Amino acid sequence: MPFEIVRNDIVNMQTDAVVNTASPNPAVGSGVDSAIHKKAGHKLLAARQKIGDIALGEAAITPGFGLNAKYVIHTAAPVWEGGIRGEERLLASCYRRSLALAKEYKCESIAFPLIGAGNYGFPKALALQIAVKEISAFLLENDMQIYLTVFDKKAFELSEKLFKSVSSYIDENYVDIKKLDEYGLTSETNILKEQRRRKLVEGLNKTAFAAAPKAAEIRYDNTYEAAAPESINDWGRLLDKLDAGFSETLLKLIDKTGKKDSEIYKKANVDRKLFSKIRNNPDYKPSKPTALAFAFALELNLDETKDFISRVGFALSHSSKFDVIVEYFLINKNYNLFELNEVLFAFDQPLIGA
């Protein structure tokens, strides 16, 4: 996916560029700066000294030397002083200037630390909010693989309001898998089957059921119809009535929005190559995170999302913490995929996207 939050040491990232939280003056600082210089070797300091001072919010580039990365982008972040000296604006500039340099040097991938959240004293939730905002804005106009690396989970922090709200929703809706074990419903497939069985029992019209007690079937749109006639000559008509697959449905929904394909797949945190595969293959079977990513990009509601992902055999279940978090965002009509991924990462769940 174009933007991903990963738990790793930034000095080990194998990307075209890594971003260093550098001192404004050409000297080795602490934290990320110290670690990058140690791994890159003494040549990095010599290159940094040739650059000279870097103004707050600005960035400069050097070779990566001993790092796995081709380049190091040095950016000077402000020290947090309560927000009275334009620290938020300067931190946002650090991301924008770093990304502009990466684009200028034709980088296809870049890794950021959570700039300012360490020794610079930025509130971690605010530093994360600024990082995600600037990265997501860049990706709407550009193609690049961007990583936000978090070495220590303590350096990553959601806003208190969001964390408490999601935690509360999980507590109210998350069904312990052990309880479902008693009924043999721990797999997604079995859960979907059980949901269909219950709907059939609760909602099937008695007259229709009496007319065709063994030939009724449940559709994804919650309507019921008799199964196809047994004559082999009727199979053609049966196939014609099948629901549209994922790819066809996706393309129709995009057309309905009136937006460009690129607007939707970038909003879905999906790269151009994958979208091209989906577009050119009517039988494409996406992963569940990819299917959900497009549901968010299209801003489908909860019921529409369930129908959409069911076309490739997926469901949302309260036996999955991942699904409950996704449901929370859908119910609250929060279609910010990057914010959703922040929450998923904080709760140790897979991220949404390709």
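Start by selecting asparagine 269, which sits in the loop between α11 and α12; helices (H or I, at least four residues) and strands (E, at least two) are DSSP runs numbered from the N terminus. Its phi is positive, about 60 degrees, although asparagine 269 is not a glycine. Most residues other than glycine have a negative phi. Buried or exposed? Asparagine 269 is buried, with a relative accessible area of 0%; buried means under 20%, exposed over 50%, and partly exposed in between, using a 1.4 Å probe and protein chains only.

A word on what is on your screen: this is a predicted model, where local features need pLDDT of at least 70, side-chain atom pairs count only at pLDDT 80 or more, and totals for chains, interfaces and linings use all residues. Residues are numbered from 1 along each chain as its sequence is written, and side-chain values use heavy atoms, with hydrogens and water left out.

Next, select phenylalanine 65, in the loop between β3 (59-63) and β4 (71-76). Phenylalanine 65 also has a positive phi, near 50 degrees. Its relative accessibility is 34%, so it counts as partly exposed.

Now pick out helix α10, residues 246-257. Its 12 residues reach 17 Å from first C-alpha to last, close to the 16 Å expected at 1.5 Å a residue; that expectation is 1.5 Å times one less than the number of residues. Colour its buried residues: Phe246, Ser247, Thr249, Leu250, Leu251 and Ile254. They pack against α11 (261-267), α12 (272-280), α13 (288-297) and α14 (302-310); contact means heavy atoms within 4.5 Å. Just after α10, glycine 258 takes a positive phi of about 80 degrees.

Move on to the largest nonpolar core, with 88 residues. Such a core is a set of buried Ala, Val, Leu, Ile, Met, Phe, Trp, Tyr and Cys residues joined through side-chain atoms within 4.5 Å. Tyr95, Ile110, Phe112, Ile146 and Phe294 touch the most other members. Helix α4 (residues 124-139) supplies the largest share of this core, nine residues. Apart from it lies another core of 12 residues, including Val6, Ala69, Val72 and Ala111.

Zoom in on phenylalanine 112: beyond its neighbours within four places in sequence, its contacts include Ile10, Tyr95, Ile146 and Thr149.

Last stop: tyrosine 169, in helix α5 (residues 160-173). Tyrosine 169 counts as buried because its relative accessibility is 14%. Which residues does tyrosine 169 touch, not counting those up to four places away in sequence? They are Val324, Glu327, Tyr328 and Ile331. Tyrosine 169 and glutamate 327 are 158 residues apart in sequence, yet 9.5 Å apart in space, C-alpha to C-alpha.
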